[in-house]
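Q: I am new to this structure and would like to learn how to read it. Could you take me through a few features, one at a time?

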Amino acid sequence: MDWPHTIVDREAWHQAAERLRSTEWSLLGLWGEPGVAHMAVMQAGQCALLSLACEENRFPSIGRLHAPAIRLERAMRDLYGLEAEGSPDARPWLRHESPYPFLPVEGESLHQIPVGPVHAGIIEPGHFRFTANGETIVRLEQRLGYVHKGIESLMAGASLEGAAKLACRVSGDSSVAFALAFAQAVESALGVEVPARAVWLRALAAELERLANHFGDIGAVCNDAAFALLHAHFGLLREHVLRAAGACFGHRLMMDGVIPGGLQRDLPADGERVLLELLALARKRFPELVEVYDDTASLKDRTVDAGILSPVLAQQFAAGGYVGRASGRKFDARRTPGYAPYDQLQFEIPVVQAGDVNARVWIRIQEVGQSLGILEQILRQLPSGPVCEPVARHAGEGLALVEGFRGDVLAWVRIGDDGRVERCHLRDPSWFQWPLLEAAIEGNIVADFPLCNKSFNCSYSGHDL
Amino acid sequence: MAIAIDLLVQLVQMSVVLALAPLLTGFVRKLKAHLLRRQGPPLIQPYRDLLRLLRKEVVLAESASWVFRVAPYLVFAATWVAAALVPTFATGLVFSYAADMIAIVALLGSARFMLALAGLDVGTSFGGIGSSREMMIASLAEPAMLMVVFTVSLMAGSTQLSSIAASMQSPEVGLRVSLALALVGLVMVAIAENARIPVDNPATHLELTMVHEAMILEYSGRHLALIEAASYLKLLLYISVIACVFFPWGIAVSGQGAAAYLAAIAVYGVKLAAGGFLLAVFETAIAKMRVFRVPDFLGAALMLGFLAVLLLFVTRAG
């Protein structure tokens, strides 16, 4: 991927904020390292990187003009002590030390419902503070950072192999997406040419991951409407995908399969047969289940019109994945900026405007269909040859944008002369989706929150870093 | 001597409902699991749960008052007494002369009232949510239930379940539209009262969507065991009421021999199994409705009750 890296001054930094506000550019990421602030933006389908040296650890706030940057700036201060001048929200975000001041709520007959960080179900920790008027939610405020692991500090100084392992573990459900983003960034930094077979097999792994997660999500949304039937059947489908992934890549979640330079290992001898069987099964079962979803009026009654996210907000926050595409934002990192082998594959990017829970389920349903098609094409055209290219050890800087199941994963890496990672930032799509959940839930009833939340299915681990 | 036998029947009946109630819940859970192609917990799991809870210590919230501690006993007692008033396998229960169907509604209403108080008592937000939702449901479910009671009582000329069951078995009742409407209304009320899908989800872990479970979130140990036992009993009670009023065949009449009683118990078991089976199938085929749709659902039950009573007078006049 070609991407210009510009060292900017405060004036140009401020102008970038203006451009972001006018949605001329969209924000891909905002992160720091000691003394420097970095910002990745997308302008007319091209990624660009801006860096600003922070005198006295201060930089002009982007969040003041462009709200999606606020949480990123708060995280920058917590992690690197970089102060955003004029930021509208100076509270800590990832750092949990002092008692957290929630936003004040005033008004008659309002009450607050604190939920989490420990939940009754098996999900990750996060705190939700609801302010409700009876059953109607007036405001939701999220408090995240409970699974902060210090990934960026662990990355600094790590060997490429170690860093690739870490990248896999940023968010376990997107292990391939993160590993792929990291590997592409490293390859762009070091100028590595990845063998063709590895490029195709990486796409295969990425689509398997998308399938498994979409199956799981569709079932889980139904389960939150107490429709356990579809949950059970989609769970079964997901299990088939995971087993096929385990047979082909040696790990059910395909951890450590993708490494800088290519793949850890080639498909086993019976890999293609396993995958063809999986595709045949999914092609047969999936339409039947979709029909059940579509024909169950009581289920549709819950999902239609619940948790509507307006297209304006989706555009402003540059929301990736099904969240954005269900609210009219036609963006897919596989197309724009695009990467191999997707330029040689036929697939559609489904987009709808409704923005409700049903729309997010439908986007997933259609993406499953597209992924099945992509997998079939990959299996037909899979080139032969080696799957790994040795990686040279020298300094370099790389940026990559990869489409995970949740949305676009951004990876930036700077490698030192010794071939070790100097700095690495991995930005989960959830950074721009969590705030939208707060907006989408407003005016809904308390009892519909689990359903809306599941339809977003944001990552806690990927966000908390 | 006759009184002694009647007392014995009453006692046997009270023990039978208590003994069977967990099995019925276990049966429904097992069936639901099978419908989802899962193995499911063993049939006797509810008994084990109760035993486990009874052995565990009670953890009380600091803000809990005596209301919270007393409520489980009252809830269980009221529900058990109500269940004892329903002829399950034999009519002519001694207790049923002391209390009728309206008393059953009142007993269940008191149990619910205590539980809602207990939910509010600890002062957690989930308890409050649960109690307020439960009361919203109750305010429609109870009148609907009463309308159904009026319908069948007007037909049978009595509010006593034993007499109603006896009169429903007699040939002059026949098929009537009112009966069908009342049956549908009662089934809807039963679903809402027992916190089943689509009104509530007994298996959910999502605190924000709970109704019944939200009220009892703070309970533990023997308190929780009593409340769980009461909800098992309540499910059995409603299926028994439906069976006894609308499908009274096979109920033993007072004064018959031991063989008749045994046969009646077997028939009763079959009825319960059929009720549990229908419940499991229905719950699997439907999603939970939005909380604010519940009044529509119960409003329909209430209207059906009204219509049933109305039609009764219209057809009688004709």
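A: Gladly! Let us begin with a strand pairing: strand S12 (residues 396-403) and S13(A), both of chain A, pair in the antiparallel sense over 8 bridges. Keep in mind that this is a predicted model.

Q: Which residue of S13(A) stands opposite A:Glu403?
A: That is A:Asp408. Between S12(A) and S13(A) the hairpin has 4 residues, and A:Gly407 takes a positive phi near 150° there.

Q: How many bridges join S13(A) to strand S14 (residues 421-427) of chain A?
A: There are 6 bridges, and these two strands also run antiparallel. Look for A:Trp412, which stands opposite A:His425 in S14(A). The hairpin of S13(A) and S14(A) has 5 residues between the strands, and here A:Gly419 takes a positive phi near 80°.

Q: Now a helix, please. How many Å should helix H1 (residues 10-21) of chain A span?
A: Its 12 residues, at 1.5 Å a residue, should span 16 Å. The end C-alpha atoms of H1(A) are 17 Å apart, which agrees.

Q: Which residues of H1(A) are buried?
A: They are A:Ala16, A:Ala17 and A:Leu20. These residues cover an arc of only 100° around the axis, so they lie on the same side of H1(A). They pack against strand S2 (26-33), strand S3 (36-43) and strand S4 (46-53) of chain A. On the face turned away from that buried side you will find the exposed residues A:Glu11, A:Ala12 and A:Gln15. After H1(A) comes A:Thr23, with a positive phi near 55°.

Q: How many helices and strands are there in chain B?
A: Chain B has 11 helices and 0 strands.

Q: What radius of gyration would a compact globule with 318 residues have?
A: It would be near 20 Å; chain B has 19 Å, which agrees. The C-alpha atoms of chain B fill a box of roughly 60 × 45 × 45 Å along the principal axes. Of its 318 residues, 50% count as buried. As for contacts in chain B between residues at least 6 apart in sequence, 81% join residues at least 24 apart.

Key. Residues numbered from 1 in each chain as written. Chains lettered and ligands numbered in written order. Predicted model: local features only at pLDDT ≥ 70, side-chain atom pairs only at ≥ 80, totals over all residues. Pairing = 2+ DSSP bridges. Expected span 1.5 Å × (residues − 1). Buried ≥ 20, exposed ≤ 12 C-beta atoms within 10 Å, placed from the backbone. Arc of directions from axis to C-beta. Contact = placed C-beta atoms within 7 Å. Rg over C-alpha atoms; globule rule 2.2 N^0.38 Å.
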